[in-house]
Amino acid sequence: MASDMDVEKCVEELADKKKKAANELYSAQKYTKALTEYSELIELCPDNCIYYGNRAACYMMLGNYRNALSDAKRAIELDPNIHKSYVRVIKCCLVLGDTVQAETTLRKLLELDPNNKAIATVKKNLEYVQKHLSDAATAYTAKDFRKVVFCMDRCCDVSTSCARFKLTKAECLAFLGRYQEAQEIANDILHIDKQNADALYVRAMCLYYQGDIDRAFAHFQQVLRLAPDHAKALEIYKRAKNFKKKKEEGNVACKNKQYLQAFKLYGEALEIDPQNTVIKAKLYYNRAVVLAKIHFLNESVRECTEALKLDENYLKALLRRAASYMELKNYEEAVCDLEKACKLDKSRDNKRLLMEAKLALKKSKRKDYYKILGIDKNASTDDIKKAYRKRAMVHHPDRHPNATEGEKREQEKKFKEVGEAYGILSDPKKRSRYDSEHDIDDGDGGFQDIDPNTLFQTFFSQHYYQSGFPSSFSFPDGFNYSFS
């Protein structure tokens, strides 16, 4: 029967073999296999600080800093005088973002071994992280979320495995509207730790700020089950509940045709969370719909504009504003909105609305030639000629020799329009097209750019020659006019 001494000797021999094998594997950078050997060594000799220190080094090389930290701390417990273990604890704490424990351990190392070569590097890294953490805290209070993101990136230069720093960055990315980036960070952390309340909080935030209220509620509730005192989640959850309540009350008032009450309730909802741009845009749109129903069209346009400032591709707001512009006869603005709407959604209805707006715009720019000549639509050919003669003589540039430059330009414009009107209405075919509005797509209604003076000369020369008058005459105010 083997004695205790024989068993102890066998254990030592086996341990020496495993230690040698483990060290060789570590030197060959075969860290996973070395880790197995060191674990078996610790099972054989559970109170040997060296083995814990060596396994901690293996864990660090494999990126498993939590287990490395646990082994390094155990090594210190077994032998507080092995200074290398303190360095490992500090390095692990820095990577994991635990600056408090890193600083405490660094002070202890300075007492035990002030000349340790590793001190300068770990101290520099610790101060670097602490500085950017301090800057981030100041920026967060000031709601300078871009600065916080920058500071967290700098902290993660050192603290590469710190979930807290990454999630602080993700939270601020959500505040900045960069939801996809924020969600990717949260998802990466949840892949490792499914019960991470802060990661679930970030995901809830992203859903909330993208307007997915119901799914956001479910996530906030999960956060609060895991961490009932999670202040940030509780605050946003309360805001979201208040917002939903006000919005639903507004919707009910609108359905009951209590439009002023609905407008008031939507306004109160707007005040609940000014930072939620998606929800704010929807509320502005709801207010625009309410105002349009009571024919406050300019005000409806204003609310749509506010919604589009927050979301320039908000299709419903574009269509609502275009509809109000159409009723206000602001056709150019309506066409502009509907062109953008068609780029976002090439549906048949949107294309039809755009065509209608363009047609209305052309009609609005179409000159009323009957009004220009001062006649009604049933005027005869003789009525048209008489009207032209009268209007042309009134607006002819020679009738206004003492007018200012501005007045002359105005009279020239009217003289030209009178010529255009006569050119269309005196031609039966052109008049027919004009009356049936077939001329709208022809730009100027089929009227070629005839020189109004040439038309004037032709008209009056024919008129006066037919009447037996000479080729020159005087206007009633004394100005002479001769035909060439």
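**Aromatic rings and nonpolar cores**

The charged end of Arg154 sits over the ring of Phe150, 4.8 Å from its centre, where such a placement requires NZ of Lys or CZ of Arg within 6 Å of the ring centre and within 35 degrees of the ring normal. Arg74 likewise lies over the face of Tyr52, at 5.8 Å from the ring centre. This is a predicted model, in which local features need pLDDT of at least 70 and side-chain atom pairs count only at pLDDT 80 or more, whereas totals for chains, interfaces and linings use all residues. Residues are numbered from 1 along each chain as its sequence is written, and side-chain values use heavy atoms, with hydrogens and water left out.

Eight aromatic pairs are found across the whole structure, a pair being rings of Phe, Tyr or Trp (its six-membered ring) with centres within 6.5 Å, called stacked under 30 degrees between planes, edge-to-face over 60 and tilted for the rest. Phe145 and Phe175 are stacked, because their ring centres are 4.6 Å apart and their planes at 25 degrees. Phe145 belongs to helix H8 (residues 145-158) and Phe175 to helix H9 (residues 163-175), so that the pair links parts of the chain 30 residues apart, helices being DSSP runs of H or I with at least four residues, numbered from the N terminus. Phe145 is buried at 8% relative accessibility, as is Phe175 at 18%, buried meaning under 20% relative accessible area (1.4 Å probe, protein chains only).

The largest nonpolar core has 105 residues, among which Met152, Phe165, Tyr201, Val202, Tyr208 and Phe220 touch the most other members; such a core joins buried Ala, Val, Leu, Ile, Met, Phe, Trp, Tyr and Cys residues through side-chain atoms within 4.5 Å.

Technical notes:
Buried means under 20% relative accessible area, exposed over 50%, partly exposed in between (1.4 Å probe, protein chains only). Helices (H or I, at least four residues) and strands (E, at least two) are DSSP runs, numbered from the N terminus.
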